[in-house]
Amino acid sequence: MKKTKALLVTSFALFSLFFGAGNLLLPPFLGYNAGDNWFWVSVGFILTAVCVPILGIYTHSKLQGTLYDFGKKVSPKFSLLYCVIIYLIAISIPSPRTAAATFEIAIAPYFSIDSLLMSIVYFLLVLVFVLNRSKILTLIGRYLTPIIVLALLCVIIISLFKSTSETNTSSYNFSLLSGILEGYQTFDAIGSVVVGAVIVISINTKFDYSFEEKKKLIKHSGIIAGFGLFLIYLGLISTGAFFGSDTNFNTALSTDMQRANLLRGISTSALGNLGNSILSILIALACFTTAVGIVTGTADYVKGLFRNSHRAYVITAVLSSAIGVIVGQLDFNSIVIIAIPFLLLVYPITIVLILLNVIPEKFASVMVFRLVVLATLIFSIPDVVGFIFPSQMLKTIIAYIPFAEYSFGWVLPALLAFLICNIYLKKVKISLS
């Protein structure tokens with residue numbers, strides 16, 4: 001019974017740490033634009049926003065270490081640099097984004113409060129949770145997540161019942177690929193390597209389990225949390241798609257069609273003032289738990305760098321919260337746009353590291369790690385440069401790289417590097433035997 005309770009609490013906590021601003025605001029917008037192709041866009045979105053992150057949690061169950069363990073086979077220096085970049089991105093983009101989303105949807109429509117004041121209060125509360133490190137799993141898993149899940153299901157089910165049964169024509173040329181790229185914006189693959197480490201440390205603090213018991217607990221928690229994310233994403237995407245053909249609904253929406261306005265419009269159209277109240281609570285809680293997970297993960301990592309110094313933990317938590325306050329003054333849409341070049345570079349490497357750590361070790365030697373990561377990095381650079389400094393010359397180069405026009409130029413080189421390296425190593429092993 002105790003293990004069942006531990007599984008449920010850990011699963012709920014993991015779901016809540018994953019489910020933040022992007023997870024709530026991105027799927028309806030994706031469904032709205034996908035229209036009649038909402039199913040295929042859902043498949044793409046779920047691949048990068050559910051499947052890869054859950055594999056990341058599975059990797060944590062195998063390693064039971066820190067984020068550093070994900071890339072140490074490439075080299076210690078690479079892994080250190082990767083960790084620093086990941087945590088800097090985490091506290092500079094997805095964490096502040098939770099404050100921006102909370103302000104835009106849950107605060108601004110009802111209260112005349114300055115966004116700076118709201119961000120300060122928001123991250124002070126985050127800091128309180130982070131400084132009570134040992135209680136995070138219980139507070140989030142037992143109390144906050146059930147409220148989030150119930151509110152989500154309420155919005156989705158009632159919205160679908162009140163929506164039309166028709167959809168608009170898709171505005172995407174390639175719905176599957178559009179879903180995959182939008183899944184990047186959830187930060188869930190990056191989130192899995194960050195909050196997975198939080199879960200590992202929380203379990204070590206709270207439960208006296210053996211390595212195999214912890215592995216089973218983390219793995220099963222990941223599966224349950226992933227299934228929950230799958231259902232919620234499918235519900236939110238379909239809600240956006242089926243509301244897209246409602247003329248009255250479209251008229252009521254503001255012309256800029258930002259993600260926050262779309263979700264608020266769906267909620268108001270389906271549930272009226274009650275819907276807005278539920279949505280406000282949902283946004284605040286979902287964003288808050290994600291911010292807690294990100295700041296805690298970053299503070300945990302820095303604490304480990306300084307010989308488990310509690311002072312390092314506190315200083316990092318305070319600085320991370322301060323960055324959240326400053327960057328959180330931008331609107332949600334602006335933060336999404338700023339995130340794109342960082343995601344185009346870091347997300348492919350994160351996906352590759354997760355996959356290489358998941359497969360059997362005989363296929364993932366040090367040489368395989370190094371060559372695959374190098375190929376991924378090299379062929380991700382054109383996407384980043386092309387987004388920041390678009391040029392005709394770069395477009396000509398990209399035209400020769402398979403799938404590069406869809407920001408997936410790294411996929412084939414990474415796969416070839418993996419296959420060629422393993423074939424070479426197998427031949428060398430045969431020749432030596």
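Reader: How many residues in the lining of the largest cavity are nonpolar, polar and charged?

Author: The lining has 10 nonpolar, seven polar and two charged residues. Ala, Val, Leu, Ile, Met, Phe, Trp, Tyr, Cys and Pro count as nonpolar, Asp, Glu, Lys and Arg as charged, and the others, Gly among them, as polar. This is a predicted model: local features need pLDDT of at least 70, side-chain atom pairs count only at pLDDT 80 or more, and totals for chains, interfaces and linings use all residues. Residues are numbered from 1 along each chain as its sequence is written, and side-chain values use heavy atoms, without hydrogens and water.

Reader: What makes this space a cavity and not a pocket?

Author: On a 1 Å grid over the protein atoms alone, a 1.4 Å probe fits in a cavity but cannot get out; a pocket is an open set with protein on both sides within 12 Å along at least five of seven lines. The structure holds two cavities of 30 Å³ or more. The largest cavity has about 160 Å³ of space. Pro-94, Thr-186, Phe-187, Thr-290 and Ile-294 are the closest to its centre, of 19 lining residues (an atom within 4 Å of a point). α10 (188-206) gives the largest share of this lining, five residues.

Reader: Why is the largest pocket said to lie between domains?

Author: Domain 1 (2-334) and domain 2 (359-432) both give residues to its lining, so the largest pocket lies between them. The bounds come from an automatic or database domain assignment. The volume of this pocket is about 530 Å³. Its lining counts 20 nonpolar residues, one polar and no charged. Nearest its centre are Ile-351, Val-352, Leu-355, Trp-410 and Val-411.

Reader: Where does the second largest pocket lie?

Author: Domain 1 and domain 2 both line the second largest pocket too, so it lies between them. This pocket has a volume of about 450 Å³. Leu-181, Ile-340, Leu-344, Phe-387 and Ser-407 are the closest to its centre, of 23 lining residues. Its lining has 13 nonpolar, five polar and five charged residues. α15 supplies the largest share, six residues.

Reader: What makes the group with Phe-387 and Phe-389 a nonpolar patch?

Author: Patch residues have over 30% relative accessible area and no salt bridge, and nonpolar side chains are joined within 5 Å. Ile-337, Leu-377, Ile-381, Val-385, Phe-387, Ile-388 and Phe-389 make a nonpolar surface patch of about 610 Å². α16 gives five residues, the largest share. Phe-389 sits in the loop between α16 and α17.

Technical notes
Grid points are joined across faces, edges and corners, and a volume is the space filled by probe spheres set on the points. Helices (H or I, at least four residues) and strands (E, at least two) are DSSP runs, numbered from the N terminus. Patches are made of residues with over 30% relative accessible area and no salt bridge: like charges are joined within 9 Å, nonpolar side chains (Val, Leu, Ile, Met, Phe, Trp, Tyr) within 5 Å. Accessible areas come from the Shrake-Rupley method with a 1.4 Å probe; for residues, only the protein chains shown count as cover. A salt bridge is a side-chain nitrogen of Lys or Arg within 4 Å of a carboxyl oxygen of Asp or Glu.
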